[in-house]
Amino acid sequence: MNRIVRAERVAGLILALSSTAAFAHATLERKEASPNASYRGVVQITHGCNGQPTNRVSVTIPEGIVGAKPMPKPGWTVSTEKGAYARAYPYFHGDIREGVKTITWTGGSLPDDQVDEFTFLARVTDAFAPGSTIYFPIEQDCDKGQYRWSEIPAAGQDAHALKSPAPGVRVVAAAAKTAPAAASGVKAGDLTIDTPWMRATPGGAKVAGGYVRVTNTGTQPDRLTGASIPLAARSAIHSMSMDGGVMRMAAVEGGLVIKPGETVELKPGGLHLMFEDLSGAPKAGDVIQGTLTFERAGSVPVSFSVAPIGAMKPAGAMPGPAAQGHHDH
Ligand SMILES: [Cu+2]
């Protein structure tokens, strides 16, 4: 009996200690990453195991993160385990099918009252869409004791509720990190997306035109397949052409190809996005959050600035020739 009570007390003590320690989980210094971009993972170890020095740190590279390489660390021996990926991923000028799955540093001794960092470089593939989270499970071993920072929250679960959470990295579109304004190009993989804009519409209008310039700096063609804004139930990509003095529009079937090295401009009087079944009217001066969808670069959040009715250029651009005789969207 006495023994059981004592075991319970010990268990309670361990629980208390580990929940105190849980204030300082193993963490990753950089909490954001973007698809089709490199990620510098810096594992931070800020405490040992109940006072014991840390002598081993191991990070698991999740599926969808490719080309991982550790940074050597004086005083520690680094080793990697390689394996096949679940599928091939585009990687620079070809595909990559296998690579490092775990990185382990051993042989050092990090006292409980000191901190240290363990670094690797890797590439985030488009397997991770903006809004998702990448989890890197981490094992921490000490002279006595260990932590397994490996718990991944279920959908809707708060990571703070977990005792030993795997550090997470939030996936954001490259756009969100690099382009606060619509002024300069937003990067999405190999694409640069410039100045998305649209025109205000008269009340009651059911359609609005959207415009953008997309440059492909990569080596493979991509394809603009769609666009969305909350105001529009549907959208299409249209071309316009003169036919016997009459402007005609036609849907661009199968998406709009953007060849390597090419810039495709959607503008009034030419190719354009057609937002359809509007539930409200975009007003000049508004900035409307939306997305552009590409076959390779994926779904890219963009901000459409709204220019006045009939404008030929985005708001803020140099005034263009007055709108004249063109088809009004
Ligand atoms: Cu149209």
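A nonpolar core, as I use the term here, is a set of buried Ala, Val, Leu, Ile, Met, Phe, Trp, Tyr and Cys residues joined through C-beta atoms within 7 Å. With that in hand, I opened this predicted model and started looking.

**Entry 1: the cores.** I looked up the largest nonpolar core and found 32 residues in it. A188, I193, M198, L224, L292, V300 and F304 touch the most other members. Strand 23, residues 298-307, gives the most to this core, with five residues. Apart from it lies another core, of 30 residues, and I noted V57, F128, I138 and Y147 among them. A reminder to myself: in soluble globular proteins, nonpolar side chains tend to be buried together.

**Entry 2: I193.** I then asked which residues I193 is in contact with, leaving aside its neighbours within four places in sequence. My list reads G185, V186, A188, V212, V214, L292, V300 and V302.

**Entry 3: the whole chain.** I counted two helices and 23 strands in the protein chain. Of its 329 residues, 31% are buried. Among contacts with a separation of 6 or more, 68% are between residues 24 or more positions apart.

**Entry 4: S38.** Next I picked S38, which lies in strand 3, residues 37-45. Is S38 buried or exposed? S38 is exposed, because it has 11 other C-beta atoms within 10 Å, and the cut-off for exposed is 12 or fewer. I also checked A122: it is 84 residues from S38 in sequence, yet the two are 5.7 Å apart in space, C-alpha to C-alpha. Beyond four places in sequence, S38 is in contact with L121 and R123.

**Entry 5: P260.** My next stop was P260, in the loop between strand 19 (256-258) and strand 20 (263-266). P260 is exposed, since 12 other C-beta atoms lie within 10 Å. P260 and D222 are 38 residues apart in sequence and 7.9 Å apart in space, C-alpha to C-alpha. Leaving aside its neighbours within four places in sequence, I found P260 in contact with N216, G218, T219, Q220 and P221.

**Entry 6: confidence.** I finished with pLDDT. The mean for the protein chain is 85, and 85% of its residues reach 70 or more. Where is confidence lowest, and where highest? It is lowest in helix 1 (residues 2-21), at a mean of 44, and highest in strand 4 (residues 54-60), at 97. Over residues 176-183 pLDDT stays under 50, and the model has 11 contacts beyond four places in sequence for them. Residues 318-329 are also below 50, with 15 contacts beyond near neighbours in sequence. Where pLDDT is low, the predicted coordinates should not be read in detail.

Technical notes:
Residues are numbered from 1 along each chain as its sequence is written. This is a predicted model: local features need pLDDT of at least 70, side-chain atom pairs count only at pLDDT 80 or more; totals for chains, interfaces and linings use all residues. Helices (H or I, at least four residues) and strands (E, at least two) are DSSP runs, numbered from the N terminus. A residue is buried if 20 or more other C-beta atoms lie within 10 Å of its own, exposed if 12 or fewer, and partly exposed in between; C-beta atoms are placed from the backbone. Two residues are in contact if their C-beta atoms, placed from the backbone, lie within 7 Å. pLDDT is the predictor's confidence in each residue, from 0 to 100.
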